[in-house]
Amino acid sequence: MRITRINIWRVPLESHTAYNMAAGKKCETVETVVVRVETDAGIDGWGEACPIPHYLPAYAGGIAPAIENMAPVLIGSDPVGPEAVMDRLDAHLIGHPYAKSPIDIALWDITGKAAGLPLHALLGGRRVRDLPLYHSITCVAPDEMARIAQDVHAQGIRQFQVKLGADADWQADVERLSKVRAAVGDGPLVYGDWNCGASRLDAIRVGRAVSHLDIMLEQPCATLEECAAVKSATGLPMKIDECAHDTESLLKASRLQCMDAVAIKLSKMGGIGASRRARDLCLHLGAQMCIEDTWGSDIATAALLHLGAATDPRAVMNVCDLSGYVAPRLAPDGPERREGRIAPPEGPGLGVAPDPDRLGPPAAQYD
Ligand SMILES: [Mg+2]
């Protein structure tokens, strides 16, 4: 089998809720990039990456030019066995994991379809029927955040990510965490995420003020050293996200003892293969994992669910139904949250394909 053509679509995804984060970051309408890799065997593979602006060293407009650069390596290659192809791409274009991620996902989709197996079978086998979801709560007034938490708790969600710092008011952040904690009762997981936007001092003040509560903190500051200092000063468990993006940074976070949990995002790592290697390292390092992606719709969601379902459930903290946060749904029959949980699609490969009407005409084509 040979790759014959690559198509790219750029689709705006509108968030149902505008996501306010620290340091003026906001996620509203974000462009997702959908990729179709065609072959001479009549099997197509789908991929997707959707970077959030001002979030990681990635932007949606950078994906198509990077794929154009990689296309001469891809066209004519055998797509079956994604890691061999990705090794050649890594030698050709250093870095750019977010642009490689949709290609890698498409190669896994083709490989699964060629084998007639769902991706979770190729990734080591399905360990669970479905996976626990978290719900991310936009940073607004504390009472409103508590109300949102109660609403999604009633829908079965038991893990709550509380966005902090949008108003640079550390006392309001204390109120946010305290009120969400009280709103969902004992038991559910509650964690406060600053997306790198807090000063070390503010994060420590917030953490100390809630240290009598069952709370985890997430990526308060921009460096691992600062996150480690916050953990050590507050005694609270710590999740790392933006600062953990490859083997070296995962090992450093572990050495600094600030990685109780970590976000494995497909496009941050460079696709399913790179995320699987990160997953295996985190199993060894003893970090609880959130397996997800930055943003996206049904293709990214299906890919992360296959990796999540093929991972030891004792190490999977949660996953994310990205497609539940945005419109349009690219594959209207894709997986949906049910009672706070979600299952990977059935069927060979990813098990989802976007509705052509929702994609419109491709923005670029390489052959
Ligand atoms: Mg985060």
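Residues are numbered from 1 along each chain as its sequence is written. The model is predicted, so local features need pLDDT of at least 70 and side-chain atom pairs count only at pLDDT 80 or more, while totals for chains, interfaces and linings use all residues.

Let's start inside. A residue is called buried if 20 or more other C-beta atoms, placed from the backbone, lie within 10 Å of its own, exposed if 12 or fewer, and partly exposed in between. A nonpolar core joins buried Ala, Val, Leu, Ile, Met, Phe, Trp, Tyr and Cys residues through C-beta atoms within 7 Å. The largest such core holds 121 residues, and among those touching the most other members are Val262 and Ala303. This core lies between domain 1 (3-118 + 355-366) and domain 2 (122-342), because both give residues to it; the bounds come from an automatic or database domain assignment.

Now look at helix H2, residues 82-92. Helices (H or I, at least four residues) and strands (E, at least two) are DSSP runs, numbered from the N terminus. Pro82, Val85, Met86 and Leu89 are the buried residues of H2. They fall within an arc of 95 degrees seen down the helix axis, so they line one face; the arc is that of the directions from the axis to the C-beta atoms. On the other side, Asp87 and Ala91 are exposed.

Finally, find strand S10, residues 261-265. Five of its five residues are buried, so S10 is largely enclosed by the rest of the structure. Ala261, Ala263 and Lys265 lie on one side, with Val262 and Ile264 on the other.
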